Amino acid sequence: MVTILLATYNGEAYLRQQLDSLLNQTHKELVILISDDLSSDRTPGIIKEYEKKYPDRIKCLKNIKASGSPQNNFFRLLSSADDDYIMLCDQDDIWLPHKVEVTLKEMKQMERKWGNELPLLVHGDLSVTDEEGTIRQKSMAKFQNIAIHDNRFTHYLVENNITGNTVMINRSFLSYFTYIPKQCMMHDWWLGLLASCFGKISYIDKPLLLYRQHGGNQVGSRGQMEQYVSRLTQKERVKEEYRKMFAQARSFLKQYGQEMDRENREALEQFVALPDKSRLQKVRIIWKYKFYKSTIIRTFGQMLSI
């Protein structure tokens, strides 16, 4: 059985389309677990309507307190999940009909290769659309020039190449969600750190959903040039991003340092110490431990920004 974890908050505009796309999947053995973050619009009513119509397929957590952020809402769902396979879902996308079937097939291939006791993560590409659902970028991975096959732990320390709404994890992953990180960039980045450190990652190189871009998105899709311009013109924001990135790394070291192998622990210890090093020392450590981003330009920018 597959459980889809759907995090919602004031999502009335597109929630019906998303729920319908989940219910119309070619793989039928699935349930949808929803966590609504105390929405103030019609989202709770829509959820109740679908719960009543599909009582065996849709369930909603009874939340009495707001989680405070999208990632915390997903961590709440992850800590409540109990199934062989778990998928993450945003409220405003549209899943293509074969998404669950294709992702599950890839997961089972990984299990045949690595076994099911290892934490396994499958993710994939997506198409970017406008508010009306018209495709603007067929492949977000190509649009953003993401190093989607770089699954080294040292890469995930500096950059996330996983988009949460494409993710499937197996049951062995669930034991890691007894701990909810207080310092975390996003839930999908944290999953990437866990999978690259303790498990295995696989990527499906084709779009499996339509990723809707609109004014209410918490996280959007920006092309390479837009990203470069943004980082050059918004230095304070970049500085804050690096502060959060190192806080995330320190949180990971504190929680999992004793469980890590020697190589990854050494790299992580060197990484969290970077801010206190001289510029030359920073450059040397980045090269030595391969703290590389997706492109050379981004990596050089990192050398100058940390």
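What follows is a short exchange on labels and the values behind them.

Modeller: This is a predicted model, where local features need pLDDT of at least 70, side-chain atom pairs count only at pLDDT 80 or more, and totals for chains, interfaces and linings use all residues. Residues are numbered from 1 along each chain as its sequence is written, and side-chain values use heavy atoms, with hydrogens and water left out.

Colleague: How do you know how many helices and strands the chain has?

Modeller: They are DSSP runs, numbered from the N terminus: H or I of at least four residues for helices, E of at least two for strands. The chain comes to 12 helices and 9 strands.

Colleague: What makes the radius of gyration agree with a compact globule?

Modeller: The rule is 2.2 Å times the number of residues to the power 0.38, and the radius is taken over C-alpha atoms. For 306 residues a compact globule would be near 19 Å; the chain has 19 Å, so the two agree. The C-alpha trace spans about 60 × 45 × 35 Å along its principal axes.

Colleague: Why is glutamate 159 called buried?

Modeller: Buried means under 20% relative accessible area, exposed over 50%, and partly exposed in between, with a 1.4 Å probe and protein chains only. Glutamate 159 has 10% relative accessibility, so it counts as buried. It sits in the loop between helix 6 (153-158) and strand 8 (168-170). Across the chain, 56% of the 306 residues count as buried.

Colleague: What makes the pairing of glutamate 159 with serine 294 a polar contact?

Modeller: A polar contact is a pair of N or O atoms within 3.5 Å; within protein, one must be able to donate a hydrogen and the other to accept it, and residues adjacent in sequence count only if both atoms are side-chain atoms. The side chains of glutamate 159 and serine 294 meet at 2.4 Å.

Colleague: Which residues does glutamate 159 contact, leaving aside neighbours within four places in sequence?

Modeller: Contact means heavy atoms within 4.5 Å. Glutamate 159 is in contact with Trp189, Lys293, Ser294 and Arg298.

Colleague: Why is glutamine 71 called buried?

Modeller: Its relative accessible area is 13%, so glutamine 71 is buried. Glutamine 71 lies in helix 3 (residues 70-80). Its side chain reaches the backbone oxygen of cysteine 184 at 3.5 Å. Not counting residues up to four places away in sequence, glutamine 71 touches Cys184, Met185, Met186 and His187.
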